[in-house]
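Subject: Two-chain model, handover and notes

Hello,

Here is the structure you asked about. Please load it first, then read the notes below.

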Amino acid sequence: MVDRQAVITGIGVTSSAGTGTEEFWKTLLEGGACLTANSIFDPAGFPCRAAGQIEGLSARKVVPKSYRKAVKVMARDIEVAVVAADLAFKDAGIVTRADAEKEMSIPPGRLGCNVGAGLICCELDELGQAAKTSVTNGKFDLGTWGHSGMNNLTPLWLLKYLPNMLSCHVTIIHGAEGPSNCITCGATSGILSVAESARWIARDAADAAVAGGAEAKLTPLGVLRQSLLGRLATDSNDRPESACRPFDATHSGTVMGEGGGLLIVENAERAKSRGAKIYAEIAGFGAACDPGGINVTEPNCGSLDLAVSKAVTDAGLTPGDIDLIVTQGTGVPGEDRLESEAWEKVFGDAICDIPAMAITGTTGSLFAGQSGVTLAAGVLAMWNQTIPPTVNFNTPHDGCRLSLASEPRERNIKYAVIAAFSVGGQSAACVLKRCES
Amino acid sequence: MNRKRVVITGMGTINPLGHDVQTTWTGLLEGKSGLSKTEIFDASTFPSTFSAQVKDFNLADHVEDADKHRHAGRHCTFAIAAAVQAWKQSGLGRYDKLDRDRLGIYLGSGEGSLDFDNFISLVVDAWNEDDTLNAVEWGRLGFERMDMHREIEQESHMVVAHLAAEFGARGPAFNVLTACAASTQALGEAACMIRRGEADAIISGGAHSMIHPLGLMGFNRLTALSVKNDEIATASRPFDATRDGFVLGEGASILILEDYDKVIERGASDKILAEIIGYGSSADAFRITDQDPSGDGATAAMRAALSDAKMDIAQIDYVSAHGTATVQNDQVETLAMKQVFGPKTTVPISSVKSMLGHLIAAAGATELITCVMAIRDQILPPTTNLNTPDPDCDLDYIPNKSRKASVTTCMSNSMGFGGQNNTLIITACGT
């Protein structure tokens, strides 16, 4: 059995750094400061008020007319995924069922879908409207709720919040009837989804798949949870644009962002035969975890060095072959320290010479959307042979030897490694190879 | 690249019928019901007042250091206990050459239960007179009242973290949540990772508990649940004409998957329970609210699994159905079965959900364990509460009584809300 090679032929990205490949890349290259004061709700009750918001997000604008009604049962996370998927297919030049006028470019059963998701937060305004009907003397009464109160919620309420609904809506809109998964593994979800989809291609279970991750935790419940965890930057509410400072000596925490990064992963032969734009080849993958990740109050990067080493080896390379390191760079001091150590463990002294980058200064931390978006950034850096600046990075923190820069750098990049880690101690890495055209 | 063989060497389960595999299996063969009035919270005014609950469970009875897992959510404690059973059976804990960098975890675990009382009173107390949430008050009060661990542990991949801690795993770690198909999918993708040589052993399966006020409410609002409040023990009626929905259950089932060559290398061929030979995944791509009535999605998953196993339908001795007991599922699944196996097929099929209820993300792994036991004991579990024939469901569902049979190869189906379908095929392992 010979493995079939998988390549990336489309990028769909939406985040505070912009929607669509062009806008996203331009923002990254210009070092755009995209974190703002949270305007989704009044964040005054929370210690961190900065946010990476997607402006003007609307799934309604991109779904077929016949599917507009379904937007009503989409949590914001789902909208992010639906928008990113639409962009990805268009970028790849793949005709899907979304275009009723034309025939699909890929047989439905050969098109897979693998959209990573997180714990979706329910909308409290909606729930509260229903809950107040079950309040007696200022207290919520479960008995009233059971026989009548809950009837004030839409019958489809649950379907808004199931994480697999990101994938399911995408499969319905685009007619993707092939393998279908929903990885829920925090920030590693995007890389795990893309790598798993490449395996589907390798074993010929699909010709192409839309893969990556999306999440939108900027809700009162989501922000409360992350605030309780204590990873957020609380010292920069008066200058939100510089609140997330990955690997910088002044880093003080991360900022929550919304984001979706979906890629079209396609059989290389098929992509070539249809004359597709081939961004990169998926050359290697590695994943790992750390038994210490159970202690969520302690920083942990999930044995990231092991994931990166496995990915490099899987690509048939040695660390010396790598030309670009795309970090996660949460900006949480303990995590930045562990992450830079992990990279150094793999690359040794060469860590000072291999260019590295982080996008979190622009986008914030994107949870399940994180590594799909960083993958997109890494692919675009290779494609443009330019490494975008790491925003809000000026002076490396003590012990950080990563070669980050606050200016763009033009470089010849043949191989890039992109990695991510989750709260809970999982990590994943992917090696991409530039395709010679 | 040669495809490696993948075998099952350990199994564990915590579910409404038992806290181990043998008790569960005996209960299923006897046709016992795991259903009862909901006691986790007061559901007496809900449309469905009953569920399939795990009873009398205490993590400390299953692990040496329960304190290490003191923050684990309800479903996570089930997963830890099930995993400890599976681990012990596999003998991996006593194998000192086990490479923990190549010990993976691939789960289909659900989200943790909401801290409901605290949460809903916070919503009520932070409610504005103009009928909106006062986010500032919500934040202020939330800090005072909500427990950090209880909130963060709801992320579904935290179950992975607990198992990694318990067994010192450092290999690939995944969690998937394709609704009711999650643990079947996890097992299938985990098997594929071992086939490719990406891990020597993977702890796989699933865990879930949606028996909390919002979970029950969510399914009740969808009218997906049985409301036979006066006939609780027999309320779950897959393929029966009087079926009216599924019964919400909870639990966890974990299997240890290993590279066959590594099992032989460690001299543990006696630990092999069965071999995973086929996996297929598909999407209905139809509607989020309904299954595709054509059955094409489920058909595609079954066919993909058969093709992956390089098997013919004649080789399948038993099919463990998804069989939720919703009107639509059982009819569509029957149709799909006929499409794959032929309109007059006599292949025996049963739904243990008639006794266990629907363990949602944990359902598939639990059902796969019953397939392994069917191969071991050469007996098939029944579909209980099947007394009134439905013209749309006219296959051999092994009604009400377990049945002796020659069983070498089994298929197990799972179909998730939203249209994600997964099928596994296992067979007795010829060593």
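A:Phe140 sits in strand S7 (residues 139-140) of chain A. The model is predicted, so please read everything here as computed from it. Is A:Phe140 buried or exposed? A:Phe140 has 22 other C-beta atoms within 10 Å. The cut-off for buried is 20 or more, so A:Phe140 counts as buried. Which residues does A:Phe140 touch, leaving out those up to four places away in sequence? In chain A they are A:Ala131, A:Ser134 and A:Val135. From chain B come B:Ile120, B:Ser121 and B:Val124. A:Gly212 is another matter: A:Phe140 and A:Gly212 are 72 residues apart in sequence, and their C-alpha atoms are 40 Å apart in space.

Next, the helix pair between the chains. Helix H3 (residues 124-131) of chain A packs against helix H3 (residues 116-125) of chain B. The angle is about 85°, and the axes are 10 Å apart. H3(A) is therefore roughly perpendicular to H3(B). From H3(A), the residues in the contact are A:Leu124, A:Leu127, A:Gly128 and A:Ala131. They meet B:Ile120, B:Val123 and B:Val124 in H3(B). By class, that contact has six nonpolar residues, one polar and no charged. A:Ala131 and B:Ile120 are also touched by A:Phe140.

Now the whole interface. Chain B puts 76 residues in contact with 79 residues of chain A. Helix H4 (residues 135-145) of chain B gives the largest share of the chain B side, seven residues. That side divides into 39 nonpolar, 23 polar and 14 charged residues.

On domains, both chains have an assignment:

- Chain A: domain 1 is 6-120 + 162-434, and domain 2 is 124-157. Their centres, taken over C-alpha atoms, are 37 Å apart.
- Chain B: domain 1 is 6-114 + 154-427, and domain 2 is 116-150. Their centres, again over C-alpha atoms, are 36 Å apart.

One more helix in chain A. Helix H11 (residues 333-347) has 15 residues. From first C-alpha to last, H11(A) reaches 21 Å, close to the 21 Å expected at 1.5 Å a residue. Which residues of H11(A) are buried? They are A:Pro333, A:Glu335, A:Asp336, A:Glu339, A:Ser340, A:Ala342, A:Trp343, A:Val346 and A:Phe347. An α-helix has 3.6 residues a turn, so residues three or four places apart point the same way. The cover over the buried residues of H11(A) includes helix H10 (304-314) and strand S12 (324-326) of chain A. Just after H11(A), A:Gly348 takes a positive phi of about 60°.

Most residues other than glycine have a negative phi. B:Thr223 is not a glycine, yet its phi is positive, near 50°. B:Phe239 is not a glycine either, and its positive phi is about 65°. B:Thr223 lies in the loop between helix H8 (213-221) and strand S7 (250-259) of chain B. B:Phe239 is found in the loop between H8 and S7 of chain B too. Which of them is buried and which exposed? B:Thr223 has 12 other C-beta atoms within 10 Å and is exposed. B:Phe239 has 29 C-beta neighbours inside 10 Å and counts as buried.

Best wishes

Conventions. Residues are numbered from 1 along each chain as its sequence is written. Chains are lettered from A and ligands numbered from 1 in the order in which they are written. This is a predicted model: local features need pLDDT of at least 70, side-chain atom pairs count only at pLDDT 80 or more; totals for chains, interfaces and linings use all residues. Two residues are in contact if their C-beta atoms, placed from the backbone, lie within 7 Å. Helices (H or I, at least four residues) and strands (E, at least two) are DSSP runs, numbered from the N terminus. Ala, Val, Leu, Ile, Met, Phe, Trp, Tyr, Cys and Pro count as nonpolar, Asp, Glu, Lys and Arg as charged, and the others, Gly among them, as polar. The expected span of a helix is 1.5 Å times one less than its number of residues. Axes are lines fitted to C-alpha atoms, for helices over the stretch in contact, and angles run from 0 to 180 degrees between N-to-C directions. Angles under 35 degrees count as roughly parallel, over 145 as roughly antiparallel, 65 to 115 as roughly perpendicular and the rest as oblique. Domain bounds come from an automatic or database domain assignment.
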